[in-house]
Amino acid sequence: MKIEEIVEKVVAGEISLHEIDNYLEANAAMLARRLAVEKLTGAGLPNVGSTIIDYAEIKNRNAENVIGATQIPLGVAGPIKVNGEFAKGNFLVPLATTEGALIASVNRGMKAITSAGGSNVRVIKDEMTRAPVIKLGSISDVSDFLSWLHSVEDKIKEVTESTSSHLKYKGFSSFVVGNNVWLRFSFETGNAMGMNMVTIASEKACSFIEENFPKARCVAVSGNMCSDKKNTLINSLEGRGKTVIADVLLPHEVVKSELKSDPYLIHEVNLRKNWLGSARAGSVSQFNAHFANIIAAIFIATGQDVAQVVESSSGYTWTEVRDDGLYVSVTLPSMEVGSVGGGTRLPTQREALSIMGIKGELPHSSKKLAEIIASSVLAGELNLLSALANKELGKAHLKLGRNAKP
Ligand SMILES: CC(C)(COP(=O)([O-])OP(=O)([O-])OC[C@H]1O[C@@H](n2cnc3c(N)ncnc32)[C@H](O)[C@@H]1OP(=O)([O-])[O-])[C@@H](O)C(=O)NCCC(=O)NCCSC(=O)C[C@@](C)(O)CC(=O)[O-]
Ligand SMILES: NC(=O)C1=CN([C@@H]2O[C@H](COP(=O)(O)OP(=O)(O)OC[C@H]3O[C@@H](n4cnc5c(N)ncnc54)[C@H](OP(=O)(O)O)[C@@H]3O)[C@@H](O)[C@H]2O)C=CC1
């Protein structure tokens, strides 16, 4: 069938939007779907349709019912000097955003950090989790089940690791409410963020459990104690994905020359805003000013799963005024990033990763990416605290967010 005929059939309700894939080659199907949506809604979508995305590469990998692409401005901040275990040197960092003043903010923070000798950063834990919820008959069954589980842990390791050449089983923690048990499995997932990998592995573990301990029934492979795409205390305490910490000691003269600010005022903003203000607001694990801004912008630019900004942007900003300068650290307990898999293979996302020298096939490239992201968060955080201390937030957003004279 020709594209026009398919569009007519979709408009007449004879073919559904996703069924177009059964009749046309991938990119012709994307065009037909867009034309059908235009006819059905009356919306004109030439810009959505104007994309370099090859739907043949997306189909059955990244998205369904595709009609084109959304574009978001991509800027760069930096260079920032990073003194990591895996990221060493000066890096330009890609940020995709529509918030005027954000990239400028990170840029100024990076300039200050680089003048101070760079950000010191380490990934202190790297484990992705999945927590099935399992139902038993009674608490005595729960007790028997947990004893049995410890006796077969070698087998759990064997069945889960059989699902991938890159996945390593690290262990589990158990949590109980009445006759419900959550098994929070942890895995190393190489350079991948790992959610597909740990889900496939945990389903295998659940099948093994149900076959060999018939009183246990796996209700759901994700029982929310994982916790994926939710901001929870367990992620903050135990970590999820990469736990990353970055710090810098800024000499007093750098705070003055680069940030036009004062270490005591910055420290006071941090204590009264990030700690007292967040506590008073009832925050669970977000004692920071705007980790989410930097995490979201880099996640969009580099093809990470954007919904994981929720927990990846939890964390703590700590400041101390010392004789030799202002000490600032950021702690991100659950940063979920990969340099292979997911959206990292898409053309603009791959190019954005290459700006930082990130290539999925290189060893430890996801940890290198995590170190650069944490250093960028440090820059954004330091700079926003300075901007607030300087009372320049509104002025900056008038100029760069509204194109207005402050
Ligand atoms: C906007 C600045 C940096 C101006 O700051 P400034 O000191 O007036 O700028 P400057 O013209 O003197 O330049 C200083 C440096 O800033 C950078 N810079 C300056 N302009 C640009 C630009 N156009 N493009 C790129 N980089 C720029 C650049 O590094 C430059 O150095 P240079 O390269 O010239 O040697 C400052 O006023 C600022 O940082 N303001 C704060 C803005 C901010 O942080 N916004 C973040 C979003 S706020 C939000 O979303 C969350 C929030 C606030 O609601 C969360 C909460 O509740 O806390
Ligand atoms: N399934 C789910 O419940 C959820 C899925 N997601 C989605 O999952 C996707 C990410 O899943 P993820 O598992 O990270 O990635 P993918 O499933 O996209 O890719 C992971 C695969 O890449 C292969 N691979 C090649 N080189 C490497 C390497 N160096 N390190 C690790 N793996 C490598 C591995 O193959 P092999 O196994 O053969 O070794 C691995 O299984 C995203 O699209 C995200 O949106 C998000 C949340 C939940």
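**View 1. Contact between helices H11 and H15.** Leu265, Ile266, Val269 and Asn270 of H11 meet Leu385, Ser386, Leu388 and Ala389 of H15; two residues are in contact if their C-beta atoms, placed from the backbone, lie within 7 Å. The residues of this contact are 6 nonpolar, 2 polar and no charged. Here Ala, Val, Leu, Ile, Met, Phe, Trp, Tyr, Cys and Pro count as nonpolar, Asp, Glu, Lys and Arg as charged, and the others, Gly among them, as polar. The model is predicted: local features need pLDDT of at least 70 and side-chain atom pairs count only at pLDDT 80 or more, while totals for chains, interfaces and linings use all residues. Residues are numbered from 1 along each chain as its sequence is written, and chains are lettered from A and ligands numbered from 1 in the order in which they are written.

H11 covers residues 263–280 and H15 covers residues 365–389. Helices (H or I, at least four residues) and strands (E, at least two) are DSSP runs, numbered from the N terminus. Two packed helices are described by the angle between their axes and the distance between the axes. For H11 and H15, the axes come within 9 Å and cross at roughly 105°. Axes are lines fitted to C-alpha atoms, for helices over the stretch in contact, and angles run from 0 to 180 degrees between N-to-C directions. H11 and H15 are therefore roughly perpendicular to each other (under 35 degrees is roughly parallel, over 145 roughly antiparallel, 65 to 115 roughly perpendicular, and the rest oblique).

**View 2. The shell around ligand 1.** Ligand 1 is surrounded by 20 residues, and the closest are Ala104, Ser105, Arg108, Ala387 and Ala396. A residue is near a molecule or strand if its C-beta atom, placed from the backbone, lies within 6 Å of it. Helix H5 (102–115), H15 and helix H16 (393–401) each supply at least two residues of this shell, and H5 gives the most, with 7 residues. By class, the shell has 10 nonpolar, 5 polar and 5 charged residues.

**View 3. The shell around ligand 2.** Among the 19 residues around ligand 2, Ser164, Gly190, Asn196, Gly341 and Gly342 come nearest. This shell has 5 nonpolar, 12 polar and 2 charged residues. Domain 2 (74–126 + 242–401) and domain 3 (132–220) each give at least three residues to the shell; domain bounds come from an automatic or database domain assignment.

View 4. Serine 314 lies in the loop between helix H13 (309–312) and strand S10 (315–322). Serine 314 is buried, with 27 other C-beta atoms within 10 Å. A residue is buried if 20 or more other C-beta atoms lie within 10 Å of its own, exposed if 12 or fewer, and partly exposed in between, with C-beta atoms placed from the backbone. Not counting residues up to four places away in sequence, serine 314 touches Asn231, Asn235, Ser236, Ser285, Gln286, Pro333 and Ser334.

**View 5. Two residues with positive phi.** Asparagine 224, in the loop between S7 and H9, has phi near 75°, a positive value in a residue other than glycine. Asparagine 224 is partly exposed, with 14 other C-beta atoms within 10 Å. Lysine 391, in the loop between H15 and H16, has a positive phi of about 60° although it is not a glycine. With 9 C-beta neighbours inside 10 Å, lysine 391 counts as exposed.
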